[in-house]
Amino acid sequence: MSIYSAPAKIILYGEHAVVYGKPAIAVPVPLLRAFAVTRSAEPGQGLIIRAIDTGHELPVDLAAEVDNSLVEMAQRVLRHLNATPPDAIIELRSDIPVASGLGSGAAISAALARAITACCGCTLTNEDLNMLVYAAEQRYHGTPSGIDNTVIVYEMPILFRSRSDFEPFHARTPLHFLIGDTGVRAPTRESVGDVRKLYEQDKQTIQKKLDAIGAHVEAARQALETGDLSAAGRLMVENHRLLRDLTVSSPELDRLVQAALAVGAIGAKMSGGGRGGNMIALVMPETEAQVRQALETAGAVRVWAAEVR
Ligand code: MEV
């Protein structure tokens with residue numbers, strides 16, 4: 001038995017605008033992960049994916065046309081490796097809530113691809129894995145920017161400009177975040193599609209908002225690199241306001257953001273696709289407990305702590 005995994009992610013600044021070529025900053029959340037556990041199978045049994053969370057048992061046949069994202073991912077990996085399905089059972093399970101802005105789909109795809117590659121006795125560069133997970137993201141999201149798969153595959157904080165232009169990102173001081181889950185599941189595909197509709201209806205107005213988000217990301221980068229946490233926090237609040245203007249926040253997200261700010265969070269915003277899912281609050285270690293309490297009182301169904309170094 002071997003275990004392969006990939007982390008969740010949060011976007012600190014720049015979601016949605018990144019789909020339009022603006023920069024964004026994202027970090028992995030190593031404590032929240034998707035796992036793929038390999039188990040040996042009888043000779044000739046072929047490859048079987050067991051999705052523990054949904055109870056599905058999925059045989060992988062290279063020739064079959066199956067409308068299932070996990071089987072498609074497995075086929076994609078096998079074709080890339082030029083390999084036939086190995087005799088193996090791969091069990092998938094994830095701590096990352098689905099459709100909640102934390103990159104659950106990309107993480108499960110990355111863990112599965114790592115497990116299949118190992119079962120085939122092959123190796124896969126992060127660059128190739130990133131390309132394969134991006135293809136899976138296209139199936140989930142339609143027009144993904146590529147930020148989710150990149151931060152999840154490389155498992156490091158990144159400043160992302162495009163799929164071919166991203167770099168590691170280093171904050172000057174450790175950053176302490178709380179992640180608050182609204183409990184509302186919202187597919188990224190829909191919020192991205194709705195922003196696209198707004199953009200098509202009024203390009204000039206929406207472009208201004210996307211440009212403003214892009215400028216905030218550049219300013220936030222500088223603030224974090226110089227350790228100016230109060231500027232970083234202010235820019236999170238500004239970023240949230242612009243995301244609201246783009247209609248991708250929700251009453252639940254706004255309530256959690258307000259609750260965190262009211263008890264001393266340095267900054268707070270929604271994170272990811274929005275309309276539900278998760279928000280993040282930048283806190284000091286001394287204020288973490290009170291912000292956590294405020295988030296729970298305001299309706300967060302779960303709160304996780306994440307440290308970025
Ligand atoms: C989703 O985590 C981030 C979005 O910007 C979509 C994307 O970048 O593909 C909303």
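Modeller: The model is predicted, so local features need pLDDT of at least 70 and side-chain atom pairs count only at pLDDT 80 or more, while totals for chains, interfaces and linings use all residues. Residues are numbered from 1 along each chain as its sequence is written, and side-chain values use heavy atoms, with hydrogens and water left out.

Biologist: What makes a stretch a helix or a strand, and how many does the protein have?

Modeller: Both are DSSP runs, numbered from the N terminus: helices are H or I over at least four residues, strands are E over at least two. The protein has nine helices and eleven strands.

Biologist: Why is the protein called as compact as a globular protein of that length?

Modeller: The globule rule is 2.2 Å times the number of residues to the power 0.38, and the radius of gyration is taken over C-alpha atoms. For 309 residues the rule gives 19 Å; the protein has 20 Å, which is close, so the description holds. Its C-alpha trace spans about 60 × 45 × 35 Å along the principal axes.

Biologist: Why is Ser 109 called buried?

Modeller: Buried means under 20% relative accessible area, exposed means over 50%, and partly exposed lies in between (1.4 Å probe, protein chains only). Ser 109 has 3%, so it counts as buried. It lies in helix α2 (residues 104-119). Of the 309 residues, 55% are buried.

Biologist: What does Ser 109 touch, leaving aside its neighbours within four places in sequence?

Modeller: Contact means heavy atoms within 4.5 Å. On that basis Ser 109 is in contact with Met 73, Val 133, Ala 136 and Tyr 140.

Biologist: How do you know that Asn 239 is buried?

Modeller: Its relative accessible area is 0%, so Asn 239 is buried. Asn 239 sits in helix α7 (residues 229-245). Beyond neighbours within four places in sequence, its contacts include Leu 12, Tyr 13, His 216 and Lys 269.

Biologist: Why is helix α4 (residues 147-154) called largely enclosed?

Modeller: Seven of its eight residues are buried, so the rest of the structure largely encloses α4. Among the buried ones are Ile 147, Asp 148 and Val 153. The buried residues pack against β1, β2, α2, α3, β6 and β7. Glu 155 follows α4 and has a positive phi, near 45 degrees.

Biologist: How do you know that β6 and β7 pair?

Modeller: Two strands pair if DSSP finds at least two bridges between them. β6 and β7 have four, in the antiparallel sense.

Biologist: What makes β3 (residues 47-51) and β4 (residues 56-60) a pair?

Modeller: They share five bridges, in the antiparallel sense. Leu 47 stands opposite Val 60 in β4. This hairpin has four residues between its strands, and Gly 55 in the turn has a positive phi of about 80 degrees.

Biologist: What is the phi of His 16, and is the residue buried or exposed?

Modeller: Most residues other than glycine have a negative phi. His 16 has a positive phi, near 70 degrees. It is found in the loop between β1 and β2. At 5% relative accessibility, His 16 counts as buried.

Biologist: Why is Ala 99 called partly exposed?

Modeller: Its relative accessible area is 28%, so Ala 99 is partly exposed. Ala 99 also has a positive phi, of about 45 degrees, although it is not a glycine. It is found in the loop between β5 and α2.
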